[in-house]
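Here are my notes on the two-chain model you asked me to look over.

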Amino acid sequence: MEYILQPWPWCVSGPMIALIMFLLIMVDRRFGMSSNLRTMCSIAGAGKKADFFNFDWKSQRWNLIVVLGAVIGGFIASNFLTPNDAVLISESTISDLNSLGFKSAGQAYLPTELFSISALSNIKSLAILIIGGFLVGFGARYAGGCTSGHAISGLSNLQLPSLIAVVGFFIGGLVMIHFLFPLIF
Amino acid sequence: MKTLVYLAIGILFGITMFKSEAASWFRIYEMFQFQAFHMYGIIGSALILGVLMTYVIKRFKVKSFYKNPIHFEAKDKSFYRYIIGGILFGLGWALAGACPGPMYTLVGSGYVSMIIVVLAAMAGTFVYGLIKDKLPH
């Protein structure tokens, strides 16, 4: 139990992700999280506006159950399995973030400057959440998958398209952190 | 019964995302700064096991728990959709600090603001659906 309450090292976390992919394959499903966003759009009635959302979303109900499980898992992990949720990022990351104005670096799970309730009344941090989420949703569907569908499932099956997508993920991430962050923060 | 299996897999996934800190905005920033091995270790070890698993399943024609043959769908061959879509995704991933799996997880962890990120991601998906025929694929 002592070990579960600590942050999990990569050599436990990575194999756990592989196990989750294995379990989904063995119950005749595939590991991919972003397609649920399309399913949720369809349920919300997006099919009336775009044909892309006219598909048999009930066939994707299983994946929404997985999402529900992920929500419950997040609740269990944060409330019962994590006595101290400060993320111990490296010293250099903490000092970099401090100089960008993130005082919560090294002391919280998410930056309070962006994710606390009071930050929602700040137009800038609200815009960051909305633009970030929008790009994730748009980009994932354009690329046909996200970290789970391409970086884990697709690359495991040695798919060249997934490699191109993952290279894209990294180009985008590096441009954001190295070139755009200094302009935004 | 199957519903409970999916729910259990999802719970395991959510706990893993939170406890691995792959759901932490800070870890994503640190990864793109190359200041720690943590995220590379997670993705790398998952991938090595994933490649081995996929190979073994194909090579030995392993059947699923429900005795069905396992078939892996090949991704459509293309370039533009993967590179452009991938870059847009990466920009958002670094800014919001969360990809779709961790987003759902963090809603459960009590980060109310994450609901806004999920709704924005749905909006992004919706706009893609509206204009997809005009985009290079």
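Predicted model: local features only at pLDDT ≥ 70, side-chain atom pairs only at ≥ 80, totals over all residues.

**Notes on the model**

1. If you want to click through the buried residues of H6(B), they are B:Ser113, B:Met114, B:Val117, B:Val118, B:Ala120, B:Ala121, B:Met122, B:Gly124, B:Thr125, B:Tyr128 and B:Gly129.

2. With 19 residues at 1.5 Å a residue, H6(B) should span 27 Å, and its end C-alpha atoms are 28 Å apart, which agrees.

3. Now for the interface as a whole. Chain B puts 109 residues into the contact and chain A puts in 127 residues. Between them the two chains bury about 10,500 Å², with 78% of that on carbon and sulfur atoms. B:Lys19, B:Phe26 and B:Tyr104 supply 8% of the area that chain B buries against chain A, more than any other three residues.

4. What about polar links across the interface of chain B and chain A? The rule finds 32 residue pairs in polar contact there, both residues being at pLDDT 80 or more. Salt bridges across this interface number zero.

5. Which helices make up the side of chain B that touches chain A? Helix H1 (2-19), helix H2 (25-32), helix H3 (38-59), helix H4 (80-96), helix H5 (100-108) and helix H6 (113-131) of chain B each supply at least two residues. The largest share, 17 residues, comes from H6(B). Sorted by class, that side of chain B has 68 nonpolar, 30 polar and eleven charged residues.

6. Over on chain A, have a look at helix H4 (residues 61-80). Its 20 residues should span 28 Å at 1.5 Å a residue, and the end C-alpha atoms are 28 Å apart, so expectation and model agree. The buried residues of H4(A) include A:Trp62, A:Gly69, A:Gly73, A:Gly74 and A:Ala77. Among the elements covering the buried residues of H4(A) are helix H2 (10-26) and helix H3 (35-43) of chain A, along with H1 and H5 of chain B.

7. A:Ala77 is a handy spot for seeing how the chains meet. A:Ala77 sits in helix H4 of chain A and counts as buried, at 0% relative accessibility. Leaving out residues up to four places away in sequence, A:Ala77 touches A:Thr82, B:Ile15, B:Phe18 and B:Lys19. B:Lys19 already came up as one of the three residues that together supply 8% of chain B's buried area.

8. A:Ser162 is another one to click on. A:Ser162 is in helix H9 (residues 160-184) of chain A, and at 0% relative accessibility A:Ser162 counts as buried. Apart from residues up to four places away in sequence, A:Ser162 touches A:His150, A:Gly154, A:Leu155 and B:Lys75.

9. How many salt bridges does the structure hold over all chains? The count is three. B:Arg27 takes part in a salt bridge with B:Glu21 (2.9 Å, N to O) and in another with B:Glu30 (2.7 Å, N to O). B:Glu30 and B:Arg27 are three residues apart in helix H2 of chain B, so about one helical turn separates them. B:Glu21 and B:Arg27 are both buried, and B:Glu30 counts as buried at 2% relative accessibility.

10. The remaining pair is B:Lys132 with B:Asp133, whose side chains meet at 3.9 Å, N to O. Salt bridges with shared partners join B:Glu21, B:Arg27 and B:Glu30 into one network. As for accessibility, B:Lys132 is partly exposed at 24%, and B:Asp133 counts as exposed at 73%.

11. Last, a couple of backbone angles to look at. B:Phe34 has a positive phi, near 55°, without being a glycine; B:Phe34 lies in the loop between H2 and H3 of chain B and is exposed, with a relative accessible area of 53%. B:Lys67 also isn't a glycine and has a positive phi of about 65°. B:Lys67 is found in the loop between H3 and H4 of chain B and counts as exposed at 66% relative accessibility.

Conventions. Residues numbered from 1 in each chain as written. Chains lettered and ligands numbered in written order. Heavy atoms only, no water. Contact = heavy atoms within 4.5 Å. Buried area = accessible area lost by both parts, 1.4 Å probe. Salt bridge = Lys/Arg side-chain N within 4 Å of Asp/Glu carboxyl O. Polar contact = N/O pair within 3.5 Å; in protein donor to acceptor, adjacent residues only side chain to side chain. Helix = DSSP H or I, 4+ residues; strand = E, 2+ residues; numbered from the N terminus. Nonpolar A, V, L, I, M, F, W, Y, C, P; charged D, E, K, R; others polar. Expected span 1.5 Å × (residues − 1). Buried < 20%, exposed > 50% of the residue type's maximum accessible area, 1.4 Å probe, protein only.
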